[in-house]
Structures are given as C-alpha cells and as structure tokens.
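This report describes the domain interface and selected local features of the structure shown below.

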Amino acid sequence: MKKMVVLSGAGMSAESGINTFRDAGGLWEKYPVEQVATPEGYRLDPELVIRFYNERRAQLLTVKPNHGHELLAEMEKYFNVTVVTQNVDNLHEKAGSTHVIHLHGELTKVCSSYNPNDLRYVKELKQDEYEVKMGDLAGDGSQLRPFIVWFGEAVPEMERAISYAEKADIFVIIGTSMNVYPAAGLLDYVPRSAEIYLIDPKEVQVNSSRRINVIQKGGSEGMEELLSRLT
Ligand code: APR
C-alpha cells in the first residue's frame, strides 16, 4: 500500500463546530495567545489557563467528527495513512483514524508543570475528570497542567512526524494556514517524488517551490474530491 501522510489543522474540525485560530472570529481574537498559550501566560495566571482548557474540554464533549474526518479514516482502506495533526481535539481518533500523531498535544491529557514531557506524569483524563482544578497534582507533586504544546515550547513529536513525512508517497495538507512552525516545515521533508495535495477553502500561502495540487474546498467536500481523485 502507498504511504499517505496528512498534515491537518484547525480547519479540519471547523465543520464540527470548533473555531479555527486565525480566521475571523477565531480563538486568538477572543483570547490573547500570550495569556492562554505560552509558558509565561501560565506562570502569570495558571488558573485562567486551566479554566481556558477546561472550557475547550467541555466543548469536546459536545462535538462530533465531521464527514471530512470520516473520509480520512476511510482512506485507510486504500493507503497506509499517518495523520499528523496540529489539533488538540480527539476527532480524528473518534472518526476511526488509527495512526494519529499530535504535534501540539492533546486536550484529553494532562501532565506535570515541572516537565510537561516527562511521560511518567502524562495522564489521560476520563470524561468525568475533564474539569481540572487548581490543586490537582501530577505524580511529581506539581500542578496538573494541560498536555498542550504552547508557543515557545519544544515540539517533541516533530521527529516522529518527520520520519513518516520522509517516506510519504502522498502528502496531504488540510485545514491549516501553514503559519506555525515547525509543523508547517513538515512539507520540506516530503520526497520529491511524492504527490502533494492541499485542501482549504481559502488560498493558503505555502512557503515552498513544490508543485501542489490545490483543492480549494472545505474539509468534507475537499476530502470527497481527494478520495475520488486517488481511488
Ligand atoms: N475546511 C477546511 N479548512 C478550513 C475550513 C473548513 N471548513 N474553515 C477554515 N479552514 C481553514 C482556514 O482557511 C485556514 O487556512 O483552516 C485554516 C485554519 O488556520 P489556523 O486558524 O491558523 O489554524 P492552524 O493552521 O491549525 O493553526 C496552527 O496555531 O495557534 C496554534 O497551536 C495552534 O495548532 C494551532 C496552530
């Protein structure tokens, strides 16, 4: 089977009702990034940050995968698929994708405030634990923090993502503005021989000289077109 690697972003979950970050009305318009998505913001006001992610988790309980997620899961019938997502939701998994790498962490997990990447203290929350409180502690005695990669933090899953990108026969970019690195740089590792597709309803500026097949559509319609072009 050919190897397909998919880089997904917030637009993938837009049709499920989760706001993107940089579109009009996006999350970063409502909440200052520096406050809720940086280690400095967390140091200054951990309670606010914990509440922000509690709200994101509560929203997770109210949303479902959309047709785009489902079609991507269906791609596993035809290709050896690795989904590399920037999304912290669990909608790819819920739709049935079996191999998902989360570059920016996962809402359903919490970790140590001392060292977020100490896997001994990373914990998957059950649904009734989604509301984390100040004073809830990780195994090392630190405050439980969201298992989210904030701006300025290392992206430990990037290496694994690169090792798959380097072997891709087909590389698909979907629902990301390609603004955030290192994620957007994954394209640089894709072999010259690979076919590259980009699905997004808007025009996306991609910093690359590679030939890209653009499908200018939303996630569901775009995945439908991709499936019909490839199978
Ligand atoms: N279907 C597909 N794409 C869509 C849809 C849709 N229905 N609606 C919007 N989009 C596209 C937008 O046109 C845009 O190109 O999704 C993209 C969303 O871009 P961003 O909001 O910048 O999200 P993303 O690229 O995932 O952000 C990357 O930035 O803030 C951080 O950590 C956060 O993982 C996030 C990272």
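A polar contact is a pair of N or O atoms within 3.5 Å; within protein, one atom must be able to donate a hydrogen and the other to accept it, and residues adjacent in sequence count only if both atoms are side-chain atoms. Between domain 1 and domain 2 there are 3 residue pairs in polar contact, both residues being at pLDDT 80 or more. On the side of domain 1 that touches domain 2, the residues comprise 5 nonpolar, 7 polar and 3 charged. In this classification Ala, Val, Leu, Ile, Met, Phe, Trp, Tyr, Cys and Pro are nonpolar, Asp, Glu, Lys and Arg are charged, and the others, Gly among them, are polar.

The model is predicted: local features need pLDDT of at least 70 and side-chain atom pairs pLDDT 80 or more, whereas totals for chains, interfaces and linings use all residues. Residues are numbered from 1 along each chain as its sequence is written, and side-chain values use heavy atoms, with hydrogens and water left out.

The domain bounds come from an automatic or database domain assignment. The table summarises the two domains and their interface.

| Item | Value |
|---|---|
| Domain 1 | residues 1-17 + 66-104 + 155-231 |
| Domain 2 | residues 19-62 + 106-148 |
| Separation of domain 1 and domain 2 centres (C-alpha atoms) | 25 Å |
| Area buried between domain 1 and domain 2 | about 1,100 Å² |

Buried area is the accessible area (1.4 Å probe) that two parts lose on being put together, summed over both. Carbon and sulfur atoms give 57% of the area buried between the two domains. Ala 10, Val 88 and Asn 90 supply 34% of the area that domain 1 buries against domain 2, more than any other three residues.

The interface of domain 1 and domain 2 holds 1 salt bridge, defined as a side-chain nitrogen of Lys or Arg within 4 Å of a carboxyl oxygen of Asp or Glu. Asp 23 and Lys 202 form a salt bridge through their side chains, at 2.2 Å from N to O.

Tyr 181 and Pro 182 are joined by a cis peptide bond, with omega about 10°. Met 178 has a positive phi, near 55°. Most residues other than glycine have a negative phi, and most peptide bonds are trans.
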